[in-house]
Amino acid sequence: MIIRAFVLAILAACLTVSAAAQTAPISESVDARLDEAAAAGNAGRYADAMALFRPIAVAGNARAQYNMGLFHANGFGVPVSKETALAWFEKAAAQGHVKALYHVALYHDRGLGTAQDRPEALAYYKRAAEAGDKRSAYNAAHLLLTGDGVAADEPQGARYLMMAAEGEDASPEALLGAGWIHEKGIGVSPSITTASHYYGKAYQAGLPYARDFNYDLYKTNSERAAAAFEAGDTATGIAILDELCGLTVFRACYHAGTYRLRGKYGVARDPQRAMEDLRLPCEHRYEHACSYLAEAVIFSPGPFAPGDVQMAANLYKDGCEAGDQALCYNLAYMKYYSRFDMDDYEGAKKLLAQACFHNGYQKACGPFTDMFNAEGRAMGWIGEPKKKTIWSAIDNALAPLADAMVGYGQIVSSGNYSTSYGSYSPPSTSYNQVSQSNAYRDNLQFNEMISRIETYGSATNCSAGNRYC
């Protein structure tokens, strides 16, 4: 027996439904009597309510017939009789009363007051569902998806389940079911994003364990992505990572970003997209995401999101000041190129000089010597090399440096996330083909100044007129 208070609440809702929404127009006197009957039932005066409902129900009013069915189903003022209840529900259902359609379906589904008949139940569930009853849509979906007593039909079952899951009044169970069919691709195209959406709604609707479904969804698909990469199916692997990343799964964003940055597992190198992937895990300090993001910033043509360039510069500056010459080299690169809006040519040169001459970091020597010799030629205090190059003016003189530094072989990383892209290959120009007069003296003076540099940014005592101090 249903708890009395709960049944009274259902009865109150049913009895107060507007007759105009369920039946053909009725007179105001009938409408008033139905309201009076509902009030009596809500007050527990079932005999009075039955006395008012019965003649109206016998006269063919669907609302009254439905309520007569409720009274007999629950024993309100009369003995419980599922058979009598079903008879009244069927009369109301024949007139399209939505709740009556649901009850007739339920009785055939469970064998209440009649023999169990799942195909008949499904037919009534469908009629009620198409009229907007979400309980009927959910039950129809259950029968169709499980094939319990009816022919299984996954696409049709998925359609009814989605009808049950739409709207603010969708049940948590329907929302969870919608997530499940989209995760598994049952009757619909599989979609990680859609599955996660409905799992999240089920959790918000009061189903605590729906959150576990989301966790399992992320874990299972992360494993699918890994298996796809190992099998050489790059397209599937990166597609899964991208979809998970769109759901703010940091680990997926991290791997998608590093694969695009490094060109791993056959993923095309795309530092601009890698920068977008890595931003979220960096913001949440996920593993080495910020170091990879800084690397992506260097390789990206831009545009950059606010803060990306500053983050990369700060990371490289901190590492440089801690003695990591590879990061000094990267910071010099950022100071040199205009797309980073740092415009610090002299700062870049000093960083390269420090790394090369004072700390023996060979990768910095070639770009620095290019800059030094190019300036000398442009100003006339270093002679032209015997082998002609494109360095006819200061702008052209710096082009080989750009070519050298922009390649993947030049920007280097430190720490346990590093990887090697190759070694530095200097341009064909000889770095030391200078005149035997003032140019040689200038080189000696410059090298003497370099030997005094202790750390980047420290003050240095230089001789008067030395333009590099």
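Which residues of α12 are buried?

1. **Ground rules.** This is a predicted model, in which local features need pLDDT of at least 70 and side-chain atom pairs count only at pLDDT 80 or more, while totals for chains, interfaces and linings use all residues. Residues are numbered from 1 along each chain as its sequence is written, and side-chain values use heavy atoms, with hydrogens and water left out.

2. **Helix α12, the buried side.** The buried residues of α12 are Ile192, Ala195, Ser196, Tyr198, Tyr199 and Ala202. They lie on the same side of α12, because they cover an arc of only 165 degrees around the axis (the arc is that of the directions from the helix axis to the C-beta atoms). Buried here means under 20% relative accessible area, exposed over 50%, and partly exposed in between, with a 1.4 Å probe and protein chains only. Helices are DSSP runs of H or I with at least four residues, numbered from the N terminus.

3. **Helix α12, span and neighbours.** With 13 residues (192-204), α12 reaches 18 Å from its first C-alpha to its last, close to the 18 Å expected at 1.5 Å a residue; that expected span is 1.5 Å times one less than the number of residues. Its buried residues pack against α10 (154-165), α11 (172-184), α13 (210-230) and α14 (234-246), where contact means heavy atoms within 4.5 Å. Just after α12, glycine 206 has a positive phi of about 110 degrees.

4. **Threonine 258.** Helix α15 (residues 250-262) holds threonine 258, which is buried at a relative accessible area of 7%. Its side chain reaches the backbone oxygen of histidine 255 at 3.1 Å. Leaving aside residues up to four places away in sequence, threonine 258 touches Gly263, Leu278 and Tyr292.

5. Asp242, Arg260, Arg273 and Asp277 are linked in a network of salt bridges. The term means a side-chain nitrogen of Lys or Arg within 4 Å of a carboxyl oxygen of Asp or Glu.

6. **Other salt bridges.** The whole structure has 20 salt bridges. One of them joins arginine 63 to aspartate 35 at 3.5 Å between the closest N and O atoms. This pair links distant parts of the chain, 28 residues apart: arginine 63 in α5 (residues 62-74) and aspartate 35 in α3 (residues 28-42). Arginine 63 is buried at 2%, whereas aspartate 35 is partly exposed at 41%. Arginine 45 and aspartate 48 meet at 2.9 Å, N to O; arginine 45 is partly exposed at 41% and aspartate 48 is partly exposed at 39%.

7. **Disulfides.** There are 4 disulfides (pairs of cysteine sulfur atoms within 2.5 Å). Among them, cysteine 282 and cysteine 290 have sulfur atoms 2.1 Å apart, with 100 degrees about the S-S bond and a right-handed link; both cysteines are buried. Cysteine 320 and cysteine 328 pair at 2.0 Å, and their torsion is about 95 degrees, so this disulfide is right-handed. Cysteine 356 is joined to cysteine 365, S to S 2.0 Å, in a right-handed link with 105 degrees about the S-S bond.

Notes
Helix = DSSP H or I, 4+ residues; strand = E, 2+ residues; numbered from the N terminus. Polar contact = N/O pair within 3.5 Å; in protein donor to acceptor, adjacent residues only side chain to side chain.
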